[in-house]
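Subject: Handover of a structure

Dear colleague,

Please find the structure below, followed by an account of what was found in it.

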Amino acid sequence: MPTEQMTNANKPLSTEGRTYHIETRSGEVSNRILTVGDPKRAQKMASYLDKILFTHSSHRGFLTITGLYKGLPISVVAIGMGLSMMDFFVRESRMVVEGPLSIVRFGSCGSICQATSGDVIVAKSAFAIGRNYAFFEEGKGEPYLLWKPVEADKDLTRVVQRKLSEAVGAEHVFAGSVGNADSFYGSQGRIGTDFYDCNEGLLDRIREKYEDASALEMESHMLFHLAQASTGAKNMGRPSIRTACALMVFADRTGNKFISPEDSERLVGIAARAVFDALVEDMPTQEGLHPAAGSV
Ligand code: R1P
Ligand code: URA
């Protein structure tokens, strides 16, 4: 349960100005955010910041760590998994950060291209893959709905790709379109589970529809979609959020391999500075400086 009283049922903020699920308020979250799924990954990456200014773990499992990197504030936010968590994260971050907001997701994925476990795939765009309940309940249409890709921010993506290529070697960095599935299982074409998923032909259908389809994961399309939709009244109809996404290949769906814990830990360590460097190169000004940063 949150410990502070919420004041508005439509756009809940506590009496102290904290959001309902992430529990951060203005001044605690930077205009540059690295978001990941796993809180341990967030802690490991945040250990490469030069100084930690703020840490908070919310009652709904969001972990926010804000610190300084090369004199500029960066927040690392672990959100857990799936579309709803990404939706909470993007909307509640927007509520407490003034001005431009750049978000880079550094996640994990299954590769459906030549990239193998331990490689990195940068998302040029992301499309959604959703279980079609009308098919399962009424026999109507296809079992899975495939939505049109939404593009990542080109400039931010370019710098993320360059920094990661320098860090892990360009031969280990791939780029393409990413499928954001609403399940790790059915809508990522995993077969032989205990459920009627009707997904045997799904990977072929995805590859046919999107010729640069490279990876499957669970949040990127929601991130890109909400960035495009961040045009609220305060922003005068223009998107106020820019986004990029890079994914470590954990599962190689073609070669049927899975990354080792040691290799994923090593890759996260190598990537942390690359992603921070991308965020500060992309937004090199003092915008959104955390109040405590002034004393550094
Ligand atoms: C599934 O194992 C999770 O891993 C991927 C998927 O998007 C999903 O959240 O990303 P993260 O490693 O960032 O959580
Ligand atoms: N995350 C996913 O969503 N899928 C995978 O196959 C691996 C990581």
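**Findings**

Valine 90 counts as buried, because its relative accessibility is 3%; here buried means under 20% relative accessible area, exposed over 50%, and partly exposed in between, with a 1.4 Å probe and protein chains only. Valine 90 sits in helix 2 (residues 83–96). Helices (H or I, at least four residues) and strands (E, at least two) are DSSP runs, numbered from the N terminus. With neighbours within four places in sequence left aside, valine 90 is in contact with Leu223, Leu226 and Ile241, where contact means heavy atoms within 4.5 Å.

This is a predicted model, in which local features need pLDDT of at least 70 and side-chain atom pairs count only at pLDDT 80 or more, while totals for chains, interfaces and linings use all residues. Residues are numbered from 1 along each chain as its sequence is written, chains are lettered from A and ligands numbered from 1 in the order in which they are written, and side-chain values use heavy atoms, with hydrogens and water left out.

**Overall form**

The protein chain contains seven helices and 12 strands. Its radius of gyration is 19 Å, close to the 19 Å that the globule rule gives for 296 residues, so the chain is as compact as a globular protein of that length. That radius is taken over C-alpha atoms, and the globule rule is 2.2 Å times the number of residues to the power 0.38. The C-alpha trace spans about 55 × 45 × 35 Å along its principal axes.

Of the 296 residues in the protein chain, 51% are buried. Where contacts join residues at least 6 apart in sequence, 73% of them join residues at least 24 apart. The chain exposes about 13,700 Å², of which carbon and sulfur atoms supply 52%; accessible areas come from the Shrake-Rupley method with a 1.4 Å probe, and for residues only the protein chains shown count as cover.

**Nonpolar cores**

A nonpolar core is a set of buried Ala, Val, Leu, Ile, Met, Phe, Trp, Tyr and Cys residues joined through side-chain atoms within 4.5 Å. The largest has 38 residues, and those that touch the most other members are Leu34, Met45, Phe106, Leu164 and Phe276. Helix 7 (residues 261–282) gives the most to this core, contributing 10 residues. A second, separate core has 32 residues, including Phe62, Ile79, Val150 and Val178.

Methionine 45 touches Leu34, Val36, Phe106, Val268, Ala271, Ala272 and Phe276, when residues up to four places away in sequence are not counted.

Helix 6 (residues 220–228) has seven of its nine residues buried, so it is largely enclosed by the rest of the structure. The buried residues are Ser220, His221, Met222, Leu223, Phe224, Leu226 and Ala227.

**Segment before strand 1**

Arginine 18 is found in the segment before strand 1, and it is buried, with a relative accessible area of 15%. Residues up to four places away in sequence aside, arginine 18 touches Glu4, Met6, Pro12, Leu13, Glu23, Thr24, Arg25 and Glu28. Glutamate 23 is also found in the segment before strand 1 (32–36). At 11% relative accessibility, glutamate 23 counts as buried, and its phi is near 65°, a positive value in a residue other than glycine.

**Loops**

The loop between strand 9 (173–181) and helix 5 (202–209) holds cysteine 198, which has a positive phi of about 50° although it is not a glycine. Cysteine 198 counts as partly exposed, at 27% relative accessibility. Glutamine 188 has its place in the loop between strand 9 and helix 5 as well, but is buried, with a relative accessible area of 2%. Its contacts, leaving aside neighbours within four places in sequence, are Ala181, Ser183, Leu202, Leu203, Leu216, Glu217, Met218 and Arg253. Glutamine 188 and arginine 253 are 65 residues apart in sequence, and their C-alpha atoms are 9.9 Å apart in space.

Glutamine 114 lies in the loop between strand 5 (101–111) and strand 6 (120–131) and counts as exposed at 75% relative accessibility.

Yours sincerely
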